[in-house]
Amino acid sequence: EKSLQKTSTLNPSGVFVSPYALNLSSFTKLIKRLQERHPEFSRDEIAEAVQVVRKMNKGVLSGLAISSIEEKASAIL
């Protein structure tokens, strides 16, 4: 995985890119994986389960592997 850059930049088209864009992309991928695994739950329910995982991990998801977050969120669901 690419490391998160600490500085904001402009992409080639001149659009501002947040230093947290990679995190949003990873979050989106995680939600998609969980939706495929648990189609009976809504996106909001899945996002709430991920937030519970975050709370259980001292308020952060950083440092946890996506697969680990996926497993913990699945257990909550």
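At 37% relative accessibility, R37 counts as partly exposed, a class that lies between buried (under 20% relative accessible area) and exposed (over 50%), computed with a 1.4 Å probe on protein chains only. The model is predicted, so local features need pLDDT of at least 70 and side-chain atom pairs count only at pLDDT 80 or more, whereas totals for chains, interfaces and linings use all residues. Residues are numbered from 1 along each chain as its sequence is written, and side-chain values use heavy atoms, with hydrogens and water left out.

**Exercise 1.** Determine how many salt bridges the whole structure holds, and examine the one between R33 and E70.

*Solution.* A salt bridge requires a side-chain nitrogen of Lys or Arg within 4 Å of a carboxyl oxygen of Asp or Glu, and a search of the whole structure finds 3 of them. In one, the side chains of R33 and E70 meet with an N to O distance of 2.5 Å. This pair links distant parts of the chain, since R33 belongs to helix 1 (residues 21-37) and E70 to helix 3 (residues 66-76), 37 residues apart; helices here are DSSP runs of H or I with at least four residues, numbered from the N terminus.

**Exercise 2.** Find which residues form salt bridges with R37, and state what network results.

*Solution.* Because R37 lies in helix 1 and E70 in helix 3, the pair ties together parts that are 33 residues apart in sequence. Next comes E71, whose salt bridge with R37 has its closest N and O atoms 3.0 Å apart; here too the pair links distant parts of the chain, with E71 in helix 3 and R37 in helix 1, 34 residues apart. E71 is partly exposed, with a relative accessible area of 47%. Through shared partners, the salt bridges join R33, R37, E70 and E71 into one network.

**Exercise 3.** Locate H38, decide whether H38 is buried or exposed, and list what H38 touches.

*Solution.* H38 sits in the loop between helix 1 and helix 2 (43-56). With 12% relative accessibility, H38 counts as buried. Leaving aside residues up to four places away in sequence, H38 touches I46, S74 and L77, where contact means heavy atoms within 4.5 Å.

Note on methods: Helices (H or I, at least four residues) and strands (E, at least two) are DSSP runs, numbered from the N terminus.
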